Amino acid sequence: MIAYKFLRPDRTSLFTDFAWPAPGTWVEASIEPCRSGIHACRVSDLPYWAGHQLYEVELDGELVEQSTKVVASRARLVRRLEAWEDLHDVYTRMCADRGHELARSAAPPLHDWEAVIEPSIPEGPALLGFVAARIAEAIAGPPAYRTERARQTDWLAERLGL
């Protein structure tokens, strides 16, 4: 299965500090979601985990699919998606602008939500995508959250060619 993985510039994982070997080298782990295993993203999961560098990964062995991730017993990096380097800040700004648009469109406007947008930008794209989706949810409920996440997925998939 082809999936995606966000890593730091030194190819370490954000949550575990696992240092990934060069692309093409397989790694293995037992599966226990959120504790052990190789966690990766489907295209629809990208907004939830958007980080520093984006890699295409090949997953193999046992797979456990969850709502915002997939966990495998075996994986290897295939290639770094360099297009993400140019899109990281653009996507972050798009999510911030969308959050402002949504907060201002509410009746009455959601000033408390809008106040967190600009200070959150240094934290990056995953947080700004979450903020925009939560503002949508505050306006129109859980379906609006899911719709906003799907909008973010479509934006990323189109620009990354996925």
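**Cysteines, a helix pair and a strand**

Reader: Is Cys 34 buried or exposed?

Author: The relative accessibility of Cys 34 is 62%. Buried means under 20% relative accessible area, exposed over 50%, and partly exposed in between (1.4 Å probe, protein chains only). The model is predicted, so local features need pLDDT of at least 70 and side-chain atom pairs pLDDT 80 or more, while totals for chains, interfaces and linings use all residues. Residues are numbered from 1 along each chain as its sequence is written, and side-chain values use heavy atoms, without hydrogens and water. By its accessibility, Cys 34 counts as exposed.

Reader: How many disulfides are there?

Author: A disulfide is a pair of cysteine sulfur atoms within 2.5 Å. The cysteine sulfur closest to that of Cys 34 belongs to Cys 41 and is 13 Å away, too far for a bond. Cys 41, which is buried at 4% relative accessible area, is in no disulfide either. The count is zero.

Reader: How are H3 and H4 oriented to each other?

Author: Helices (H or I, at least four residues) and strands (E, at least two) are DSSP runs, numbered from the N terminus. Axes are lines fitted to C-alpha atoms, for helices over the stretch in contact, with angles from 0 to 180 degrees between N-to-C directions. The axes of H3 (residues 111-120) and H4 (residues 125-140) come within 10 Å and cross at roughly 170°. Angles under 35 degrees count as roughly parallel, 65 to 115 as roughly perpendicular, over 145 as roughly antiparallel and the rest as oblique, so H3 is to H4 roughly antiparallel.

Reader: Which residue in E4 stands opposite Leu 7?

Author: Strand E1 (residues 2-7) has five of its six residues buried, so E1 is largely enclosed by the rest of the structure. Strands pair if DSSP finds at least two bridges between them; six join E1 to E4 (residues 53-66), and the two run antiparallel. Opposite Leu 7 stands Gln 53.
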